[in-house]
Amino acid sequence: MSVIFPSLNWFEELRNRFNSNQRDNQVGVGTCDALVGVACGEKLFTVQFEAFECTNVMELEDESALENTDFYLELHPNDWKDMIINIKENNGAGLSFTLNTLDLELSDGLAKSWTEDQYRQDLFFRFNQTFQYFFDASADVETVFEEMDIA
Amino acid sequence: MTISKEELDLAPAVREFGEDNNLDLSWLDTRGEWGVRAEPSKRGLTLGDIQLGSYGEPGDHSDNMTGRPRGARARNDAYRVGGYKIRSKADIWLSNAHVLYEESLQRQWSSATDVPWNTIKPLPDDIERAQCQLATFLTEVEFVAAEVPGRWLAATTPDYFEPRMFLISQVMDESRHLDVFRKRAFANGGGLMQRPNVTTSGTVGSIDLSNDFTEMSSRLHITGEGSVLTIFRMGELMAYNEAEKTIYRLAAQDEARHVAFGVMHLRYLAETEPERKEEIHCYLDEGEGALVAGNQNPASRDTAQSEALAILLGGGEKNFDEGYRKLMAVRKRQAREYVQRVRSAGFGERFENGRANQELLAYTR
Amino acid sequence: MTNKDNEPQDSARVRSRRRVNQRLRDAVSKETSGDLKDVEIPPKKLDWMKRTYQWGVKADVTDSGLTIGALNVGIYGEIPDRWDDQSRMPRGAYPMPGVPPIGYSISEKRDLWADNAADLYEEAIQRRWTPATDIPWEAIGPLPDDVEAAVCQLCTMLCQHANTEIETLGTWLHQMSYGYHEVKLFLATEMFDAARHFEVFRKRALSNGGGLGLELKGDVKRMIIESRGGWSETALLLYLLRGLFTFTIYRYGSILANNDAEKAIFEKSVQDKARHLSYGLEHLRYAITRQDDKDLVFNNLLGIGERLVARECKEPIVLEPLAVIFGGGVEGAQSGMRTAQRLMSDYVNLYLSSLRSIGIDRSDSLSNDLKSYLL
């Protein structure tokens, strides 16, 4: 069954697959407690991690709610699309599409803090492998992309 | 034992039994707080879960000179063999050392088996030499971080065991880092190269000679590890195979924990002993100077390691200039993150009042 | 928000999101060819490119992965008897002049080396465990008050054993030269293990309606901490006198355990402790075979140390809790004490056989106090 990106359903699907622990070779992971925002064009989501699980995903109505996140991830919609396709093709992000690489290559970074608090933003690095495996789980999701090119 | 008779409240039957059987049994009624029952959470049974009652957060000062576990029953005849220099909470405490320690245990990895070494294939000579030069530098720099925290373990009262435990986990992490970079140097037909041609230690103002824990932490965790964290993250940009990518990603997670320790300790100190802020600013002055001069900063200019980085980032010696520009982009990122961390720690005023190193700030613009 | 420490700091302010309108590929090229186009690029020196003592080294990756021991090839495998460099220069790196000394006091290989350190380091990492999640804490059920008190008193003592190990290693590790990094790496894992033991016994004491007990007076800790003559001498006391005792208690864990959680704690801890002893014995053997009178020095220290160990073991809080646990309660303590005596006998026998394995025979000179435990 295909799921549209970006949508709450897509993140729900990711959450289920991430929590199922069916993907192996998860080196360097462990407990993770963070509230992560995801921004794609006008669409905003939060992904809640608690202990070993992704416990909740939500769609946000108002961007000011990003204040509650530890950090949020933002890419151009077409870059999200490229990343997800890359993950699908490689069964996990290839060298150019890991969250960390994307963060470095963007001059403003991929991970951002609404409150400009680097301590909270550093959770992106502390739990980086967990977040990577979360998005890598999209390799098992049949994703279709909403037309939203704003370039 | 020198437990007074008044302290003993053994049931008469037990005392009688003990006397009849040549057993003392006084310890049955001479103990710390009783009736404690920590419950595991979904994170397992964590150090946070056992911070209950008198076993919870310690006091601002510790008179524990014998090394007894916090909350255990003290005795008058125990040897004061601890000799602990750090017995004031503000000197080493942070609100979440126990969280960071547990996080460290969960995220340990093996440089022998978790890195896909077989993905490393022969590289052009200039790239391999640059990788090995950087590996030589990092293996030495990680020596510093593997050694210095350990010096504070025996100097800290076990009443403040949570930060002490974290520092032990850091010694472990850094040992793995120095090990993994040594491994990288020998994994692909290279070898070790020139050790740093600038001083990494042994001088006043360096990480390893600090006599005060917070001075050490501000240098090690904030300026030192903060800049190395950026380099580890940058590793993915200069990784030529899955093995290198894995090394840098995993090391970056570790390093981010160490940086978090430093930020949270500074924050605790700023909140509880604001009278020390001016002194801490002096350490930050020195740390920023070192960041710019680059004694421990591989992204500094004009060193063997900065040249190696430029080659790796550019994709070879022929693209040195392009690689160097990328290195400067990384340096800007380093500086911006440093500023944000110091703000988060509660020392942001130095960026408003002109005290911060101007050369460093220039990178943030 | 899930992290209570992650509260917004003073930089928090009302703002709105700046939309990302730029594609990734454009952002990269913009920053490096645009913003940084005019950056001053220093002339290349590249003098470091030929600075290596040996090039062309390729360590073997085996079924055990790429181990630290596998790196000891060519000149990088030459481990000198004395390491004069007083800085943190990696062994085999190309030196540069003018680096200030740090002041390492242990520069002789014979004073710290063990051939098995590199392998033990990798073994420690492979066998890592996490008290929070690898112990089935839910398996702990209510115990009779006297048994719970005995378990908690035992945990208090074992916490102190671990603490002594932490403080001892913390005192010595930074004095050891980096020419022998294999040993430093292994001792880092030992310190990490000790932290885990401190943690797990504290957790056990505070998880079942009990609490910590009474502290030890500290005879053995004092002996170890105040041993300043050299690492080998400290290691003798840490591993042979205290370490073997701790190890024997852990070994008896299958009898001591009241539930699967305690069983798991002791099973995992005994593996760690066996590694520590393996390094200790190997180093002590190495030290003895390379110094003429080292065995005599060790014999003298052991003569005093044995009496201190025996004195500590006479404290009621050392053997009585074991007896209560073995006996299933105070009423069974008398029979439990017989098991505790057997534990002590095993400890002393292990101590003597371990000594023989490093070339010291104390069967005739064993202190009477320890001898009295032999069955």
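I began in chain A, where I found Ala39(A) standing opposite Glu74(A) of strand 5. I note at once that this is a predicted model, and I read every entry below with that in mind.

Strand 2 of chain A, residues 34–40, runs parallel to strand 5 of chain A, and five bridges join the two. I also looked up strand 6 of chain A, residues 111–112, which pairs with strand 5 of chain A in the antiparallel sense over two bridges; there, I recorded Lys112(A) as the bridge partner of Tyr72(A).

Next I asked how covered strand 5 of chain A is, and I found that this strand, residues 71–75, has five of its five residues buried. When I sorted the residues by direction, Phe71(A), Leu73(A) and Leu75(A) pointed one way, whereas Tyr72(A) and Glu74(A) pointed the other way, and all are buried.

I turned to the contact between chains B and C, where 99 residues of chain C are in contact with 107 residues of chain B. On the chain C side, the elements that give two or more residues include helix 1 (24–35), helix 5 (181–205) and helix 12 (333–357) of chain C, while the largest share, 12 residues, comes from helix 4 of chain C. Sorting that side of chain C by class, I noted 47 nonpolar, 30 polar and 22 charged residues.

I looked up the largest nonpolar core, which holds 279 residues; those that touch the most other members are Val36(A), Ile168(B), Leu312(B), Tyr121(C), Ile166(C), Met191(C) and Ile325(C). Helix 6 of chain B, residues 242–272, gives the most to this core, with 15 residues. I then took Met191(C) by itself and, leaving out residues up to four places away in sequence, found that Met191(C) touches Ile168(B) and Val171(B) as well as Ile166(C), Leu169(C) and Gly170(C).

Within chain B, confidence is highest in helix 4, residues 161–185, at a mean of 97, and lowest in helix 1, residues 12–20, at 78. Over residues 1–8 of chain B pLDDT stays under 50, and for this stretch the model has 12 contacts beyond four places in sequence.

Technical notes. Residues numbered from 1 in each chain as written. Chains lettered and ligands numbered in written order. Predicted model: local features only at pLDDT ≥ 70, side-chain atom pairs only at ≥ 80, totals over all residues. Contact = placed C-beta atoms within 7 Å. Helix = DSSP H or I, 4+ residues; strand = E, 2+ residues; numbered from the N terminus. Nonpolar A, V, L, I, M, F, W, Y, C, P; charged D, E, K, R; others polar. Buried ≥ 20, exposed ≤ 12 C-beta atoms within 10 Å, placed from the backbone. Pairing = 2+ DSSP bridges. pLDDT = per-residue confidence, 0-100. Core = buried A, V, L, I, M, F, W, Y, C linked by C-beta atoms within 7 Å.
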